[in-house]
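User: Could you take a close look at one spot in this model for me? I'd like the plain picture.

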Amino acid sequence: MSITTVESLGEMGSWLGKEFLPSPWITVTQQRIQEFADATGDHQWIHVDQERSISDSPFGTTVAHGFLTLSLLVELLAQTVTVNGVRLGVNYGLNRVRFTSPVRSGNDVRARFKLGEFTDLPSGGCQIIWNVVIEQKGETKPCCVAEWITRRFN
């Protein structure tokens, strides 16, 4: 695993328009899918009923919730880039999100992060818009494409 270390928020702006190395692959297990279902109350059979998913789902198995896939952004980014001197980071929102293909239980995903926008904030931090593509191992089509807004403060 190769995490890119950026020395400061000020240096982060030099990454504008550039893509970091892809994150490592992580496995989306059925246990993780079940725990997400339990945490959110979304127990639709396509996520939690393995037998029915084999017989009735067009995907042949259970699949991760789209919002579970989206929530992996935090873990995937933490395994991709770190910025020294940051005391606080927050999610600020999303501009666009598309779940372009299902993540099948047991499959591996990784993310590609490109710095789309970098804006200094009057409060001493910055706002970053990440252009993110989440890929699924063995698939040509990404499973999620998003424009993710975060804020960092030093």
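How many helices and strands are there in the protein? And where does Ser101 lie?

Analyst: Bear in mind that this is a predicted model, in which local features need pLDDT of at least 70 and side-chain atom pairs count only at pLDDT 80 or more, while totals for chains, interfaces and linings use all residues. Numbering starts from 1 along each chain as its sequence is written, and side-chain values use heavy atoms, with hydrogens and water left out.

The protein has five helices and seven strands (DSSP runs numbered from the N terminus: H or I of at least four residues, E of at least two). Going along the sequence, they come as β-α-β-α-α-α-α-β-β-β-β-β.

Now for your residue. Ser101 sits in the loop that links strand 4 (88-98) to strand 5 (108-120). Across the protein, 40% of the 154 residues are buried.

What does Ser101 touch? Leaving out residues up to four places away in sequence, its contacts (heavy atoms within 4.5 Å) are Gln136, Lys141, Pro142 and Cys143. Of these, Gln136 falls in the range of strand 6 (125-136). With Pro142 there's a polar detail too: a polar atom of the Ser101 side chain lies 3.0 Å from the backbone oxygen of Pro142. As for the protein as a whole, 70% of contacts with a separation of 6 or more join residues 24 or more positions apart.

Terms used
Polar contact = N/O pair within 3.5 Å; in protein donor to acceptor, adjacent residues only side chain to side chain. Buried < 20%, exposed > 50% of the residue type's maximum accessible area, 1.4 Å probe, protein only.
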